[in-house]
Amino acid sequence: MTELLYQTDSYLKTFDAMVKALDAENRAVLLDKTAFYPGGGGQPYDMGLLRDGEQKFPIQRARNNKGEVWHFLADETALPPIGAAVQGEIDWDRRYKTMRTHTAMHILCGVVFRDYGALVTGGDMEPLLGRMDFEFESMSAELVKVIEEAVNKEVAAAREIRTAILPREEAFQIPDLIRTKINLLPAEIKNIRTVEIIGLDLQADGGTHVRNTREVGRLRISDYKSKGKINKRIYLEISDPVNTEKP
Ligand SMILES: [Zn+2]
């Protein structure tokens, strides 16, 4: 199992690790620990590089295979040797935009549930762009405006975001988690990671998030469409530059 450093520190940009195994055919490197997000839950994988002394290994994607995180090399450079002590560096610009987007999606989710009782049925994102499907009977340009304003109000409210890792039994006691379909998690998952926007939203989630909603920046709902009788899709964009006030 690879230790997932981003789960406890989403702001970790560089880290030291050891090469545990190689997949020469796929040009992939397995590390003992990593800050690279391997993709999942709608959040895309990180890019970046590994360094072994003077040598640089560009990483074009990462993937989690049964708890092992593999890092795929971008070019034809030789693979680092097994046992090598390497330094990893994630593409922070891409990651931070993704963190802001992921948190924006949770704010949207929280607002729509709080104000309309509508559940999320799916979603996907890339840096600064996202889409989410909700159980809504009807959607209109007016309603989209109201939702957009409510989300931006939560961004401006500077709500704190906290993550926790709880034993499964404890997590299952939290009423708010039930609506996020926590019961669909495979039984072998013994610990549940939660992401809470204090006072707004609590979900079981493995992704990376900003520490405060004001880091998200301004959200715009760019479009919406019907995806069936009770499913409506909302498209969102996060605008740069981010609020200048850093955490
Ligand atoms: Zn999420």
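## The zinc site

In this predicted model, the zinc ion is held by three protein donors, namely His 102 through NE2, His 106 through NE2 and Asp 205 through OD, at 1.9 to 2.1 Å. Donors here are N, O and S atoms within 2.8 Å of the metal (3.2 Å for Na, K and Ca), and because water is not among the atoms, sites may look incomplete. Along the chain, the donors of the zinc ion follow the spacing H-x3-H-x98-D.

Both histidines belong to helix α1 (residues 92-116), where they are 4 residues apart, about one turn of the helix. Helices (H or I, at least four residues) and strands (E, at least two) are DSSP runs, numbered from the N terminus. His 102 counts as buried because its relative accessibility is 3%, and His 106 counts as buried at 4%; buried means under 20% relative accessible area, exposed over 50%, and partly exposed in between, with a 1.4 Å probe and protein chains only.

## The sheet and its helices

An open sheet is formed by 4 strands in the order β9-β10-β15-β14, with antiparallel pairing; two strands pair if DSSP finds at least two bridges between them. Because β9 (120-126) and β14 (218-226) stand at the edges with a single partner strand each, one side of each has no neighbour in the sheet. Neighbouring strands of this sheet are turned by 20° against each other on average, direction ignored; axes are lines fitted to C-alpha atoms, for helices over the stretch in contact, and angles run from 0 to 180 degrees between N-to-C directions.

The antiparallel strands β9 and β10 (residues 129-135) are joined by 6 bridges, and Asp 124 has Arg 131 in β10 as its bridge partner. Helix α1 packs on the sheet, touching β9, β10, β14 and β15 (231-239), and its direction makes about 20° with that of β10; contact means heavy atoms within 4.5 Å. Helix α2 (residues 141-156) also packs on the sheet, where it touches β14 and β15 and makes about 150° with the direction of β14.

## Numbering and basis

Residues are numbered from 1 along each chain as its sequence is written, and side-chain values use heavy atoms, with hydrogens and water left out. As this is a predicted model, local features need pLDDT of at least 70 and side-chain atom pairs count only at pLDDT 80 or more, while totals for chains, interfaces and linings use all residues.
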